[in-house]
Amino acid sequence: MSHGPRMVPQRSVRRQPLFRNTTLDAPYDGAMTAIPAAFRAYVAEKVGDAVERGVREVAETDLPPGEVEIRVLWSSVNYKDGLATRADGKVARISPLIPGIDLAGEVVASADPGIAVGQAVLAHGYELGVSRHGGYAEYERVPAGWVVPLAAGLSPRDAMSIGTAGFTAAMSVVALEERGLTPSDGPVLVTGASGGVGGTALAILADRGYEVWAATGKPDEAERLRALGAAGILARDEVTGDGKPLESERWAGAVDAVGAATLPYVLRTLRIGAAVASSGNAGGAKLETTVFPFILRGVALLGMDSVNMPIHRRRELWDRLATDLRPRDLGVYCTEVTLDTLETALDGIISGAARGRWIVRVGESG
Ligand SMILES: NC(=O)c1ccc[n+]([C@@H]2O[C@H](COP(=O)([O-])OP(=O)(O)OC[C@H]3O[C@@H](n4cnc5c(N)ncnc54)[C@H](OP(=O)(O)O)[C@@H]3O)[C@@H](O)[C@H]2O)c1
């Protein structure tokens, strides 16, 4: 069957066909569709040097192939989503694109025997919201191999309160612990602590008994960060200034999603044998450091890539996010937006205005 653009009845802004086809290897069973012929989605489309953004009505046939159809209830706003809707963002690989690198909802049709209709599931990473339409849509169709069934006790809203950022935080904590970190080793630093990765890492580490220090550029967030479990707060200028190649050994471990000048600070203050889990570049991508932390203190720079994590490991980690890695106060420090009010969150996350996470109420009314 064709997946090319087609006209759909319009009740919103645009009247021309909306999407080019996007293709996947997975066969699509056209008989299974339970997605309405037309539904709402937030779309980003490159027009000249700019990106046009807003809610449009799209057709079921505009969605790419996949074995599982999901009614999206919640999505979230991650730094990458902000980039995917900017002309200079270098994230979107197709245009028009339905952004949203994560989603949670209910299965409405499935050609996979392991995934049942009615099941609560989530999906994130791989190509979602980058080279394939993502979570800012009332319905999505995804390959079965991308689907994570939600563990008991984790609702779709909970899942997106964690979202890709929180998943990456959990991944970072697990990577540090698999390398041997324990609470008795000493203080652990979390940078960009008011943001999605940072705030969730802080909460998980504190719950696991670590003495966690939070670095933030927002002094007025200190109280909230202490409530999340921070034992101490560092101002951003304390973790971004120039320094000697090696400084006093301070941190037994660190979670960093800021990069830029912050990661070099972390490296030169890690204790002998300690590690930092590096996942992001909210402050910038360039890394200028020396080799001394590596060759004189044996510290390790652990790279975190949530996008390509194999599905079996992804499912295991999500199961732990429902149990021993479940962040404290899950869902409390979230600001809800809808497809119609996404814009401020998408812009705010890029400008560093995050205070907790933004979650997107897509399909759930209550
Ligand atoms: N590798 C992966 O798989 C993966 C997965 C998820 C996210 N990431 C990356 O991790 C980074 C953080 O993502 P996120 O969703 O947590 O974003 P976020 O919610 O916006 O958090 C980023 C935080 O970084 C701090 N920050 C420091 N310098 C900044 C600057 N110059 N501009 C903006 N923020 C600055 C801010 O916290 P303070 O004000 O408290 O300092 C900000 O809240 C992004 O680069 C994202 O792409 C990577």
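Glu 221 forms a salt bridge with Arg 355, with the closest N and O atoms 3.1 Å apart. Glu 221 lies in the loop between S9 and helix H4 (222–228), and Arg 355 lies in the loop between H8 and strand S15 (357–361), so the pair ties together parts that are 134 residues apart in sequence. A salt bridge here is a side-chain nitrogen of Lys or Arg within 4 Å of a carboxyl oxygen of Asp or Glu.

This is a predicted model: local features need pLDDT of at least 70, side-chain atom pairs count only at pLDDT 80 or more, and totals for chains, interfaces and linings use all residues. Residues are numbered from 1 along each chain as its sequence is written, and side-chain values use heavy atoms, with hydrogens and water left out.

**Overall build**

- The protein has eight helices and 15 strands. Helices (H or I, at least four residues) and strands (E, at least two) are DSSP runs, numbered from the N terminus.
- The radius of gyration is 21 Å, close to the 21 Å that the globule rule gives for 366 residues, so the protein is as compact as a globular protein of that length. That radius is taken over C-alpha atoms, and the globule rule is 2.2 Å times the number of residues to the power 0.38.
- Along the principal axes, the C-alpha atoms fill a box of roughly 65 × 45 × 35 Å.
- Of the 366 residues, 56% count as buried. Buried means under 20% relative accessible area, exposed over 50%, and partly exposed in between (1.4 Å probe, protein chains only).

**Salt bridges**

- The structure holds 21 salt bridges.
- In the opening pair, Glu 221 is buried at 5% relative accessible area. Arg 355 is partly exposed at 38%.
- Glu 343 and Arg 53 meet through their side chains in a salt bridge (3.7 Å, N to O). Glu 343 lies in helix H8 (residues 343–350) and Arg 53 in strand S2 (residues 50–59), so this pair ties together parts 290 residues apart in sequence.
- Arg 208 and Glu 177 form a salt bridge at 2.9 Å, N to O. Arg 208 lies in the loop between helix H3 (196–207) and strand S9 (212–216) and Glu 177 in helix H2 (residues 156–178), so the pair ties together parts that are 31 residues apart in sequence.
- Arg 208 is partly exposed at 23% relative accessibility. Glu 177 is also partly exposed, with a relative accessible area of 23%. Salt bridges that share partners join Glu 177, Arg 208, Arg 320 and Asp 324 into one network.

**Aromatic rings**

- There are five aromatic pairs. Rings of Phe, Tyr and Trp (its six-membered ring) pair if their centres lie within 6.5 Å; planes under 30 degrees apart count as stacked, over 60 as edge-to-face and the rest as tilted.
- Phe 39 is in strand S1 (residues 38–47) and Tyr 139 in strand S6 (residues 139–142), 100 residues apart.
- Phe 39 is buried at 1% relative accessibility. Tyr 139 is buried too, at 14%.
- Arg 157 lies over the face of Trp 74, 5.4 Å from the ring centre. Arg 250 lies over the face of Trp 213, at 5.0 Å. A charge sits over a ring if NZ of Lys or CZ of Arg is within 6 Å of the ring centre and within 35 degrees of the ring normal.

**Nonpolar surface patch**

- Leu 287, Val 291, Phe 292, Phe 294, Ile 295, Leu 296 and Leu 301 make a nonpolar surface patch of about 610 Å². Patches are made of residues with over 30% relative accessible area and no salt bridge: like charges are joined within 9 Å, nonpolar side chains (Val, Leu, Ile, Met, Phe, Trp, Tyr) within 5 Å. Accessible areas come from the Shrake-Rupley method with a 1.4 Å probe; for residues, only the protein chains shown count as cover.
- Helix H6 (residues 292–297) gives the most to the patch, with four residues.
- Leu 296 lies in helix H6 and is exposed, at 54% relative accessible area.
- Leu 301 lies in strand S13 (residues 300–303) and is partly exposed, at 36%.

**Backbone details**

- The peptide bond from Ser 95 to Pro 96 is cis, with omega near -5°. Pro 96 lies in the loop between helix H1 (79–84) and strand S4 (102–110).
- Lys 90 lies in the loop between H1 and S4. Its phi is near 55°, a positive value in a residue other than glycine.
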